[in-house]
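Trainee: Could you help me learn to read how two chains meet? I would like to go one feature at a time.

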There are 2 protein chains.
Amino acid sequence: MDHIDRALLAQLQQDATQSYAALGQAVGLSAGAAHERVRKLRERGAIRRTTVDVDPAAVGSAVLAYVMVESTSWMGDSAQEFAALPEIVEAHVIAGSASVLVKVRTRTTEQLQDVLRRIYAIKGVSGTQATVVLETFFERPLSPLTETGT
Amino acid sequence: MDHIDRALLAQLQQDATQSYAALGQAVGLSAGAAHERVRKLRERGAIRRTTVDVDPAAVGSAVLAYVMVESTSWMGDSAQEFAALPEIVEAHVIAGSASVLVKVRTRTTEQLQDVLRRIYAIKGVSGTQATVVLETFFERPLSPLTETGT
DNA sequence: ACTGAAAGACATTGACC
DNA sequence: GGTCAATGTCTTTCAGT
């Protein structure tokens, strides 16, 4: 994982459809060498998958909210229960007064309310505190170029 | 945007490297027809871009935190100021007591502290409340199949 | 809008440095 | 780990339905 690998990751985040020739040129490598490096990045799991960024509005998901989930018991084994709700796009165990933080996308606020109801139904959940997003400034991939990791 | 388009989006989210032949077969279309539909989805902006999902740990970003940013003034025009900090991967204007919610990835907690310092330096910011993530259950794309939109 | 086929570009592999 | 050149596959386009 040197600076060339990081540059490749940044390039692919920006546009994963570009050819290996273009990719190589961007980082000063031949197409074959770029291909081999990207293959290894996939192999190691540094690249988890190639995907498309879908506009939530285009699939009818206009409402975004973050929900702090409070609990009376250990929530560390409840991943499946949250994953079972398709409107939940992220779930994290957090430090602090709440136990779990989830990110929810729905079409309407009524649907959000329904998701909250279903979260309440999860074993151990004692309360929720929803924060509705009014406007998203930006959502972007993590920049590999600013990092100092191995 | 019919059920075939949504199936195509779901397929591409899962794996954007598959051929149009495979894509077409998955939704019951020829390669050419699948290609044309995906082209239009890109044209309309339903597909914003094709990208790679990078493992944060692989680029040395082990710390994830959400920060509630309180302010004394209107923050609606401060998008650039938050975007200037590369460790901030999301920024949203929210309803509630805080004004802005940001998602931050850093290598260490020391680096997180430095980001908080730089957030404080933004005009209008009167306080921050950081919530550190202990474990991420999952982060996944929005499922186009569960939506009822146009 | 979709099908099927043709042409050209690209991914992928291997021989060599 | 890299370059360069080959082979095979896929993208992309277009005439026809």
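Trainee: Which residue stands opposite Ile47(B) in E1(B)?

Mentor: Strands (E) are DSSP runs of at least two residues, helices (H or I) of at least four, numbered from the N terminus. Val54(A) stands opposite Ile47(B). This is a predicted model, where local features need pLDDT of at least 70, side-chain atom pairs count only at pLDDT 80 or more, and totals for chains, interfaces and linings use all residues. Residues are numbered from 1 along each chain as written, chains are lettered from A in the order written, and side-chain values use heavy atoms, without hydrogens and water.

Trainee: In which sense do E1 of chain A and E1(B) pair?

Mentor: Two strands pair if DSSP finds at least two bridges between them. Here strand E1 of chain A, residues 47-54, and E1(B) are antiparallel, over seven bridges.

Trainee: How do I read the size of the interface?

Mentor: Interface size is often given as the accessible area lost when the parts come together. Buried area uses a 1.4 Å probe and is summed over both parts. Chains B and A bury about 6300 Å² between them, 59% of it on carbon and sulfur atoms. Within chain B, the residues losing the most area to chain A are Arg49(B), Val52(B) and Phe137(B), together 12% of what that side buries.

Trainee: How many salt bridges are there between chain B and chain A?

Mentor: Look for a side-chain nitrogen of Lys or Arg within 4 Å of a carboxyl oxygen of Asp or Glu. The two chains have six salt bridges between them. One of them joins the side chains of Arg48(B) and Asp53(A), at 3.8 Å from N to O.

How values were computed
Buried area is the accessible area (1.4 Å probe) that two parts lose on being put together, summed over both.
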